[in-house]
Amino acid sequence: MTGTVYLVGAGPGAPDLLTLRAARLLERADVLFHDALVHPGTLALAKRAEKIAVGKRCGRHSTAQRFINKRLIDAARRHTTIVRLKGGDPMLFGRASEEIAALEAAEIRYEIVPGVTAALAASAEMGISLTQRGLARSVAFATPRIGHGAGPSNWATAIAAADTGAIYMGAGQAREIADALRAAGVPTSTPIALVENASLAHSRSFVITLEELPELASEAFTGPVVMLIGAQFAVAAAAAGGRELQIHSPASQRPLATASK
Ligand code: SAH
């Protein structure tokens, strides 16, 4: 008799953006494997669980994926309800497929619980829709990050071809991203919104253009950043007079955009 492993989306950070299903599973969990960035309020829901951090933070020491897979399997052989909590949605840049393959190979039951992905939380925070009638009919989710041993990626072409782009895991590579997007034919005047810590109290947003993106290479971001690219973000840039945008939210309210600097 083995337990079930639930790959659960934690959402973008704010505990009240968890799904009810996720919250109920956290309450029931015997063991919880979580990434480094999970909000303490989310962890607190897992009252009975043994909590194990298996964080993979960009640029920091990470627990190797194979080791995580093994620990999930070991836990399923000893417990009933195992929750593997992943930021945002587990099926988007979450390495869920590697865990699923390992669980299937070990004949462990698993279920996936979706979560609110970062780009959607960032869009909500800015109050700017990713799609807009007559202006934006397609959205591309992409990352410039290439894993060890992986082949070349056409991520920049995909962003250029879509009306709206969402770039994940790109904050440390602003210069390379700008070069790749220009080479893919994205006009330098295209607005880009950078949203750091979407859904959290200390969230920050900037709206710039592709031309200005390399200047952000030196910007010190401490939290995760998602970049949203598209004509509709010019609205936010105009509201701030082209200067740095600071958005103060509760995510549930229409954000109040004020120019600062
Ligand atoms: N599965 C996650 C993405 C994991 S990759 C999801 O669906 O959201 C990690 C990247 O997600 C970060 O580098 C950043 O680009 C983005 N991200 C995650 N949480 C975020 C947040 N609260 N605000 C902004 N970006 C975030």
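Which residue's side chain meets that of D74 in a salt bridge? In this predicted model, the partner of D74 is K70, with N and O 2.9 Å apart.

## Overall features

The protein chain has 261 residues, and 49% of them are buried. Its secondary structure consists of eight helices and twelve strands. Among contacts with a separation of 6 or more, 66% are between residues 24 or more positions apart.

The accessible surface of the chain is about 12,900 Å², and carbon and sulfur atoms contribute 54% of that area.

Strand β4 covers residues 81-86. Six of its six residues are buried, so the strand is largely enclosed by the rest of the structure. In a regular strand, side chains alternate between the two faces of the sheet. In β4, T81, V83 and L85 point one way, while I82, R84 and K86 point the other way.

Strand β4 pairs with two strands in the parallel sense. With β1 (residues 4-9) the pairing extends over six bridges, and G9 stands opposite K86. With β2 (residues 31-34) there are four bridges, again parallel; here L32 stands opposite V83.

## Salt bridges at K86

The structure contains eight salt bridges. Side chains of opposite charge can pair when their charged atoms come close. One of the salt bridges joins E99 to K86, with the closest N and O atoms 3.2 Å apart. E99 belongs to helix α4 (residues 96-105) and K86 to strand β4, so this pair ties together parts that are 13 residues apart in sequence. Both E99 and K86 are buried.

The pair is also part of a network of salt bridges that links D35, R84, K86 and E99.

Buried means under 20% relative accessible area and exposed means over 50%. D74, at 29% relative accessibility, therefore counts as partly exposed, and K70 does so at 47%.

R95 and E98 form another salt bridge, in which the closest N and O atoms are 2.9 Å apart. R95 is partly exposed because its relative accessible area is 37%. E98 is likewise partly exposed, with a relative accessible area of 31%.

Methods:
Residues are numbered from 1 along each chain as its sequence is written. This is a predicted model: local features need pLDDT of at least 70, side-chain atom pairs count only at pLDDT 80 or more; totals for chains, interfaces and linings use all residues. Side-chain values use heavy atoms; hydrogens and water are left out. Buried means under 20% relative accessible area, exposed over 50%, partly exposed in between (1.4 Å probe, protein chains only). Contact means heavy atoms within 4.5 Å. Accessible areas come from the Shrake-Rupley method with a 1.4 Å probe; for residues, only the protein chains shown count as cover. Two strands pair if DSSP finds at least two bridges between them. A salt bridge is a side-chain nitrogen of Lys or Arg within 4 Å of a carboxyl oxygen of Asp or Glu.
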